[in-house]
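Reader: Hi! Could you walk me through this one before I set anything up?

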Amino acid sequence: MNDSQSVIKDFIYLDTARLESVLAQLQRGLVRELVETKEREGGVEAELKGGLPWLQARLTSRGNISGGSQVSKVLHDYLYSLVEEALGKRVRDVNNFSGDDWRTGQVHQVLGKTQTDFIRVTGQVRITDFMGLAVQLESITRLMSVSQQLSTPQQGARQPQSNSKNRRSKKQRSKKQSQDDEMIIQMANLIKEFYGDLIVLKVFPLPDDDTYCFTGTLSKDGLQDERAHMLLKFGATPSAPWTMLAQVASVPLQAQTTAVLQADASPTLSLSQYTDMNDAIEQLVDYIAQVFAVTGLTMTVKYPAIAVTPLAIYRA
């Protein structure tokens with residue numbers, strides 16, 4: 001394929017650390033990069049030097065560029081191309097599976113054999129940014145407070161005589177508003193405490209069925225744009241499909257998931273049998289983890305979802 005026919009990828013996410021690790025393992029060597037940038041009048045010249053023969057490259061960019069951030073992004077994009085080429089046929093295109101393959105459990109059986117396969121999947125995505133959600137909830141209370149202040153007549157303005165019934169009604173509305181604000185703030189704090197900076201991505205391989213998905217978490221350092229800007233441009237559910245290169249992390253099977261849920265349906269705690277404090281603390285931690293899993297307070301991947309580690313996400 002010549003350059004004029006090459007598909008230009010718009011990268012949404014790149015986990016450069018994992019891409020470098022995969023490339024180093026495939027090439028049986030350590031990836032060492034040294035990026036030297038020199039600002040010159042009318043342009044910047046950047047040189048990439050690697051400790052391996054295949055990493056020798058020279059990039060020259062002419063134009064008004066300051067610093068090396070733009071050059072680094074170019075090198076990261078090129079790193080993905082190197083990984084994609086090195087993986088070759090190791091990458092399984094899961095879009096080749098049919099709906100029947102998913103419904104009969106064949107996909108889970110195939111990917112569950114090694115649980116380390118590299119996959120490529122294109123489909124509709126759903127993004128859940130828990131910190132962003134908490135911030136939005138907090139902003140709702142401030143917005144409602146400002147709205148209430150704007151709707152309240154200013155001092156000195158001529159106001160009609162208010163009877164006692166109107167005053168009681170206003171007081172009740174104010175009390176109800178305070179209770180609503182407190183509930184929203186508590187909900188935002190709960191999200192921050194349990195989910196923190198977690199960003200969850202789900203990719204649905206079947207166009208008309210959201211039962212099956214690949215689920216993974218995104219590092220904010222891997223995002224190629226600010227989180228707020230990304231959500232502004234694409235929304236939580238982008239209309240166009242995205243493509244993800246990922247490594248399978250775990251493949252829950254239906255029978256295993258059912259057994260775990262039944263076993264953890266009513267977790268119990270008994271510390272009397274432990275004489276060692278460390279053993280007792282470990283048992284307590286396990287108990288709390290089971291409670292959180294059963295109540296849904298922790299993110300766990302259950303059948304039919306498949307857990308993955310995203311390496312790169314792009315749209316083309």
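Author: Happy to; we can start with the whole chain and then go residue by residue. Keep in mind that this is a predicted model.

Reader: What about contacts between residues at least 6 apart in sequence: what percentage join residues at least 24 apart?

Author: That would be 73% of them.

Reader: Thanks! Let's zoom in. Where is Asp 129 found?

Author: Asp 129 is in strand β6, which covers residues 118-129.

Reader: Is Asp 129 buried or exposed?

Author: Buried: its relative accessibility is 11%, and the cut-off for buried is under 20%, so Asp 129 qualifies.

Reader: What does Asp 129 touch, leaving out residues up to four places away in sequence?

Author: Asp 129 touches Leu 198, Ile 199, Arg 227 and Leu 231. As for C-alpha atoms, those of Asp 129 and Val 200 are separated by 6.6 Å, although the two residues are 71 apart along the chain.

Reader: Nice. Which backbone nitrogen lies 3.4 Å from a polar atom of the Asp 129 side chain?

Author: The backbone nitrogen of Met 131.

Reader: Which side chain makes a polar contact with the side chain of Asp 209?

Author: The side chain of Thr 211, at 2.6 Å.

Reader: You mentioned β7 and β8. In what sense do β7 and β8 pair?

Author: β7 and β8 pair in the antiparallel sense, over 4 bridges. Within that pairing, Leu 201 stands opposite Gly 216 in β8.

Reader: And in what sense do β8 and strand β10 pair?

Author: In the parallel sense, over 2 bridges; β10 spans residues 306-315.

Reader: Which residue in β10 is the bridge partner of Thr 215?

Author: Ala 307. Thr 215 itself belongs to strand β8, residues 214-217.

Reader: Is Thr 215 buried or exposed?

Author: Thr 215 is buried, with a relative accessible area of 10%. Leaving out residues up to four places away in sequence, it touches several others, including Val 200, Leu 201 and Lys 202, as well as Val 301 and Ala 305. Its bridge partner Ala 307 is also among the residues Thr 215 touches.

Reader: Last stop, Thr 243. Which strand is Thr 243 in?

Author: Thr 243 lies in strand β9, residues 242-250. Its relative accessible area is 10%, so Thr 243 is buried.

Reader: What polar contact does the side chain of Thr 243 make?

Author: The Thr 243 side chain makes a polar contact with the side chain of Thr 122, at 2.8 Å.

Definitions and conventions
Residues numbered from 1 in each chain as written. Predicted model: local features only at pLDDT ≥ 70, side-chain atom pairs only at ≥ 80, totals over all residues. Heavy atoms only, no water. Buried < 20%, exposed > 50% of the residue type's maximum accessible area, 1.4 Å probe, protein only. Contact = heavy atoms within 4.5 Å. Polar contact = N/O pair within 3.5 Å; in protein donor to acceptor, adjacent residues only side chain to side chain. Pairing = 2+ DSSP bridges.
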